[in-house]
Amino acid sequence: MDIETLERMLSAGRDSALLRFGLGKSWLDAGDPVRAATHLGRCVVLDPDYSAAWKLLGKAWLAGGQPQAAREAWQRGLSVAGSKGDQQARKEMQVFLRRLDRDSPALWAKAG
């Protein structure tokens with residue numbers, strides 16, 4: 001489904017974690033990480049156990065230049081994935097966190 005269709009569904013009052021996930025992914029794919037993070041943030045409020053949403057929320061925050069917010073999302077996602085037995089999402093978020101730790105000096109140098 002395209003973004004416009006998803007946005008119309010939301011405007012019509014059909015809000016759900018799945019719809020917000022779809023909107024977040026679509027906006028991230030379209031290059032708008034701020035809008036993506038807004039929808040994904042709402043997604044994890046609606047369903048705090050949605051480990052894939054935590055993973056994507058971290059990606060959106062990182063793409064939007066917010067590495068600390070990305071770290072927090074992935075750390076929360078690790079906890080959720082671990083409690084649900086979602087090993088694939090858990091492994092991916094562990095890799096993302098390691099990369100963030102490895103790349104942090106470069107990120108901070110760019111910011112300064």
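Here are some questions and answers about how the features of this predicted model get their names.

Q: What makes up the fold of this chain, helices or strands?
A: The chain has six helices and zero strands. Read along the sequence, that gives the pattern α-α-α-α-α-α.

Q: What makes a group of residues a nonpolar core, and which residues have the most contacts inside the largest one?
A: The members must be buried residues of nonpolar kinds, such as Leu and Phe, joined through side-chain atoms within 4.5 Å. The largest core here has 23 residues, and F21, L40 and L57 have the most contacts inside it. Helix 1 (3–11), helix 2 (17–29), helix 3 (33–46), helix 4 (51–63) and helix 5 (67–84) each give two or more residues to this core. Helix 2 supplies the largest share, six residues. A second, separate core has eight residues, including W74, A81, A89 and F96. As a general point, nonpolar side chains tend to be buried together in soluble globular proteins.

Q: Which residues does L40 touch?
A: Leaving aside residues up to four places away in sequence, L40 touches R20, F21, G24, A53, L56, L57 and A60.

Q: Why is the pair of F21 and Y50 called stacked?
A: Two rings pair if their centres lie within 6.5 Å, and planes under 30 degrees apart count as stacked. The centres of these two rings are 5.0 Å apart and their planes are at 20 degrees, so the pair is stacked. It is one of two aromatic pairs in the structure. F21 and Y50 are both buried.

Q: What makes the pair of F21 and Y50 a tie between parts of the chain?
A: F21 belongs to helix 2, while Y50 is in the loop between helix 3 and helix 4, so the pair ties together parts that are 29 residues apart in sequence.

Q: Why is the pair of W74 and F96 called tilted?
A: Planes under 30 degrees apart would count as stacked and those over 60 as edge-to-face, with the rest called tilted. Here the planes are at 40 degrees and the centres 5.1 Å apart, so the pair is tilted. This pair also links distant parts of the chain, with W74 in helix 5 and F96 in helix 6 (residues 87–111), 22 residues apart.

Q: How do you know that W74 is buried?
A: Buried means under 20% relative accessible area. W74 has 2%, so it is buried. F96 is buried too. Not counting residues up to four places away in sequence, W74 touches W54, K55, G58, K59, L62, M93, F96, L97 and L100.

Q: How do you know that H39 is buried?
A: The relative accessible area of H39 is 8%, to be set against the cut-off of under 20%. H39 is in helix 3. Its contacts, not counting residues up to four places away in sequence, are E7, L10, R20, L23, G24 and W27. Other buried residues of helix 3 include P33, A36 and L40. Helix 1, helix 2 and helix 4 are among what covers the buried residues of helix 3.

Q: What makes R35 a charge over the ring of W27?
A: The charged end has to be within 6 Å of the ring centre and within 35 degrees of the ring normal. The charged end of R35 sits over the ring of W27, 4.3 Å from its centre.

Key. Residues are numbered from 1 along each chain as its sequence is written. This is a predicted model: local features need pLDDT of at least 70, side-chain atom pairs count only at pLDDT 80 or more; totals for chains, interfaces and linings use all residues. Side-chain values use heavy atoms; hydrogens and water are left out. Buried means under 20% relative accessible area, exposed over 50%, partly exposed in between (1.4 Å probe, protein chains only). Helices (H or I, at least four residues) and strands (E, at least two) are DSSP runs, numbered from the N terminus. Contact means heavy atoms within 4.5 Å. Rings of Phe, Tyr and Trp (its six-membered ring) pair if their centres lie within 6.5 Å; planes under 30 degrees apart count as stacked, over 60 as edge-to-face and the rest as tilted.
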